[in-house]
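My notes follow the order in which I looked.

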Amino acid sequence: MDYALVTGASGGLGEHFARYLARKGHNIILTARSEDRLRELAEELRHFHRVAVEVVAADLGTAEGRSAVVAAAERLGHVSVLVNNAGFGTVGDFADADTDRMVDEIELNCVSLTTLSRAFVPAMVERGGGTVINVASLAAYQPIPGMAVYAATKSYVLSLSQALWSELKPQGVRVVAVCPGPTETGFFARAGDESIMQRRRTPEQVVQSTFKALHRGVPSVIDGPANVLLGEVSKRMPMRIVLPVSRWFAGSH
Ligand SMILES: NC(=O)c1ccc[n+]([C@@H]2O[C@H](COP(=O)([O-])OP(=O)(O)OC[C@H]3O[C@@H](n4cnc5c(N)ncnc54)[C@H](OP(=O)(O)O)[C@@H]3O)[C@@H](O)[C@H]2O)c1
């Protein structure tokens, strides 16, 4: 059977990607660490959309967790849509950072996204079709003092996705990096500062922008007109201006 695999599906953007895909008739594999929450969502999606929904609880920040997800998906059938959404950020200066948390952030935001893509893309290529959605961020467009590691991980996601878009397009596999700006999810509470960037988009808007971008066949999309403008400004401004402004936006002084 064919599945859409959504990482970080226990809440926030991942939950909304899963809802959208189930509504469109996809069978879904939900993964994240919070098994109870995944089971509740699975129940709801089966009930309302009459699709098959499987739950694989795993820590994608570990090689074992990632292997467990890949093995479970291979047992179930094919992954034709991969949504690499799980990720987190940290607010604070680099010199004060907790090293373990910093490594976990890179493992989840970069290593997990890369290894899951590597696990499922070859079968998509073989079958001549498939979709990979990578959740990057507006943070990918400029370095952010006060969220330095997070912004660097998202630049990685954007760069990797754009290259894969080009490599895989002739093989019939669609790739898109979605770059949300501040969005109403549990992200900022987890990052350690709920008060910053209060004007936020909704997860539904981000999901809509993603599927519109896939339809247009573009390699990446920034969600929301104000965020598009910020991204454009960041690309054009000299670093001596971009750096203090982005530090101010991140709210870390
Ligand atoms: N919200 C924003 O403003 C914003 C802006 C730009 C980009 N993004 C990106 O959007 C993506 C989704 O974030 P969100 O905003 O929806 O935040 P969120 O509400 O905190 O959701 C994060 C999801 O990732 C999962 N996750 C965290 N650590 C994990 C791990 N070690 N293994 C497996 N799953 C893990 C969480 O589930 P468990 O805790 O159950 O594991 C949760 O389902 C992230 O990549 C984030 O960087 C968010």
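I looked up the lining of the largest cavity and listed Thr7, Asn84, Asn85, Ala86, Leu108, Asn109, Ser112, Leu113, Val135, Lys154 and Val157. I noted that the elements giving two or more residues to this lining are α4 and α5 (148–168). The largest share, 4 residues, comes from α4. I sorted the lining by class and got 5 nonpolar, 5 polar and 1 charged residues. The volume of this cavity is about 60 Å³. My search of the whole structure found 1 cavity of 30 Å³ or more. I keep in mind that this is a predicted model.

**Then the sheet**

In what order do the 7 strands of the open sheet run? I read β3-β2-β1-β4-β5-β6-β7, with parallel pairing. β3 (53–57) and β7 (220–222) each have a single partner strand, so one side of each lacks a neighbour in the sheet. From one strand to the next, the twist averages 20 degrees.

I zoomed in on one pair. β4 (residues 78–84) and β5 (residues 130–135) pair in the parallel sense over 4 bridges. Asparagine 84 has asparagine 134 in β5 as its bridge partner.

I checked α3 (residues 63–76) next. α3 lies across β1 (2–7), β2 (28–32), β3 and β4, and runs at about 155 degrees to β3. Then I checked α4 (residues 99–127). α4 lies across β1, β4, β5 and β6 (173–179), at about 145 degrees to β4.

Note on methods: Residues are numbered from 1 along each chain as its sequence is written. This is a predicted model: local features need pLDDT of at least 70, side-chain atom pairs count only at pLDDT 80 or more; totals for chains, interfaces and linings use all residues. Side-chain values use heavy atoms; hydrogens and water are left out. Two strands pair if DSSP finds at least two bridges between them. Axes are lines fitted to C-alpha atoms, for helices over the stretch in contact, and angles run from 0 to 180 degrees between N-to-C directions. Contact means heavy atoms within 4.5 Å. On a 1 Å grid over the protein atoms alone, a cavity is a set of points where a 1.4 Å probe fits but cannot get out, and a pocket is an open set with protein on both sides within 12 Å along at least five of seven lines; lining residues have an atom within 4 Å of a point. Grid points are joined across faces, edges and corners, and a volume is the space filled by probe spheres set on the points. Ala, Val, Leu, Ile, Met, Phe, Trp, Tyr, Cys and Pro count as nonpolar, Asp, Glu, Lys and Arg as charged, and the others, Gly among them, as polar.
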